[in-house]
Amino acid sequence: TVSEGHWRVLVFAAAAAYAAIVGAVSIARLEGFIAGHDLAIFGQYLWQLAHIARPFSTITHRAMLDDHFQPSFALLAPLGLGGYGAVALLAVQAIAIAAAAPVLHHIARRRGAAGSIAALPALLWLASPVVVRANLFDFHPDSLVPICLLGAVAALLANRTWLFVILLC
């Protein structure tokens with residue numbers, strides 16, 4: 001039989017592999033000029049936030065404080081300083097989506113699920129074509145929502161109300 005610790009290692013290894021492989025493929029798509037519209041919008045927005053420039057999209061021809069406004073996106077602003085904003089966004093997205101798997105596993109274990117049962121939703125999350133497609137297709141801040149929601153649930157289970165509130169904001 002496989003021990004509980006082995007299931008945790010398997011989930012973490014699968015999440016790390018997902019982040020590395022899907023992140024690399026999405027970055028390769030960018031380098032091959034197969035990037036989505038929103039990646040261009042958010043890449044420009046990231047650069048503007050990092051350089052404290054006027055938040056206006058030359059792609060959509062309107063203020064970034066319009067339909068693509070995301071206040072929490074400002075937390076990513078330092079990523080726009082190095083000139084690799086779009087690449088950084090794709091890497092952050094792959095890591096955030098992959099990070100949901102270990103948190104799913106943790107929540108299931110916390111609620112009493114055995115190792116293999118707790119690992120199942122985490123591994124299915126990583127293997128889901130819907131999840132992979134969302135990561136490869138483009139960038140959108142909505143891809144950061146699952147890790148925030150799951151982190152909030154984990155915080156609530158650990159009686160960390162302050163972290164629960166922060167993650168929901």
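## A loop residue to start with

Asn159 sits in the loop that links helix 6 to helix 7. The residue is exposed, with a relative accessible area of 65%. Its phi is near 60°, a positive value in a residue other than glycine. Most residues other than glycine have a negative phi.

Before going further, please keep in mind that this is a predicted model, in which local features need pLDDT of at least 70 and side-chain atom pairs count only at pLDDT 80 or more, while totals for chains, interfaces and linings use all residues. Residues are numbered from 1 along each chain as its sequence is written, and side-chain values use heavy atoms, with hydrogens and water left out.

## Overall layout

The protein has 7 helices and 2 strands (DSSP runs numbered from the N terminus: H or I of at least four residues for helices, E of at least two for strands). Followed along the sequence, these elements give the pattern α-α-β-β-α-α-α-α-α. The C-alpha trace spans about 55 × 40 × 25 Å along its principal axes.

Of the 169 residues in the protein, 37% are buried (under 20% relative accessible area; exposed is over 50% and partly exposed lies in between, with a 1.4 Å probe and protein chains only).

## The aromatic pair

The structure holds 1 aromatic pair (ring centres of Phe, Tyr or the six-membered ring of Trp within 6.5 Å; planes under 30 degrees apart are stacked, over 60 edge-to-face, the rest tilted). The partners are Phe42 and Phe139, arranged edge-to-face, with 5.8 Å from centre to centre and 75° between the planes.

Phe42 belongs to helix 2 (residues 37–50) and Phe139 to the loop between helix 5 (129–137) and helix 6, so the pair ties together parts that are 97 residues apart in sequence. Both Phe42 and Phe139 are buried.

## An enclosed cavity

The structure has 1 cavity of 30 Å³ or more, where a cavity is a set of points on a 1 Å grid over the protein atoms alone at which a 1.4 Å probe fits but cannot get out, and lining residues have an atom within 4 Å of a point. The largest cavity has a volume of about 40 Å³ (the space filled by probe spheres set on points joined across faces, edges and corners).

Among the residues lining the largest cavity are Ser26, Arg29 and Leu30, together with Ile34, Leu39, Leu90 and Asp138. Helix 1 (4–31) and helix 5 are the elements that give two or more residues to this lining. Helix 1 gives the most, with 3 residues.

## The largest pocket

The largest pocket holds about 380 Å³ of space (a pocket is an open set of points with protein on both sides within 12 Å along at least five of seven lines). Its lining consists of 15 residues, of which Ser72, Leu144, Val145, Cys148 and Cys169 lie nearest the centre.

The elements that give two or more residues to the lining of this pocket are helix 6 and helix 7 (161–168). If you are browsing helix 6 (residues 145–157), Leu149 is one of its residues. Leu149 is partly exposed, at a relative accessible area of 45%.

## Around helix 2 and strand 1

Ile52 is placed in the loop between helix 2 and strand 1. With 77% relative accessibility, Ile52 counts as exposed.

Next comes Phe56, a residue of strand 1 (residues 56–57). Phe56 counts as partly exposed, at 25% relative accessibility. Between the C-alpha atoms of Phe56 and Tyr45 there are 7.7 Å, for a pair 11 residues apart along the chain.

Within helix 3 you will find His106, which counts as partly exposed at 38% relative accessibility. His106 and Ala118 are 12 residues apart in sequence, with 7.6 Å from C-alpha to C-alpha.

Ala113 occupies the loop between helix 3 (85–110) and helix 4 (115–127). Is Ala113 buried or exposed? Ala113 counts as buried, with 19% relative accessibility. Its C-alpha atom is separated by 26 Å from that of Val132, which is 19 residues away along the chain.
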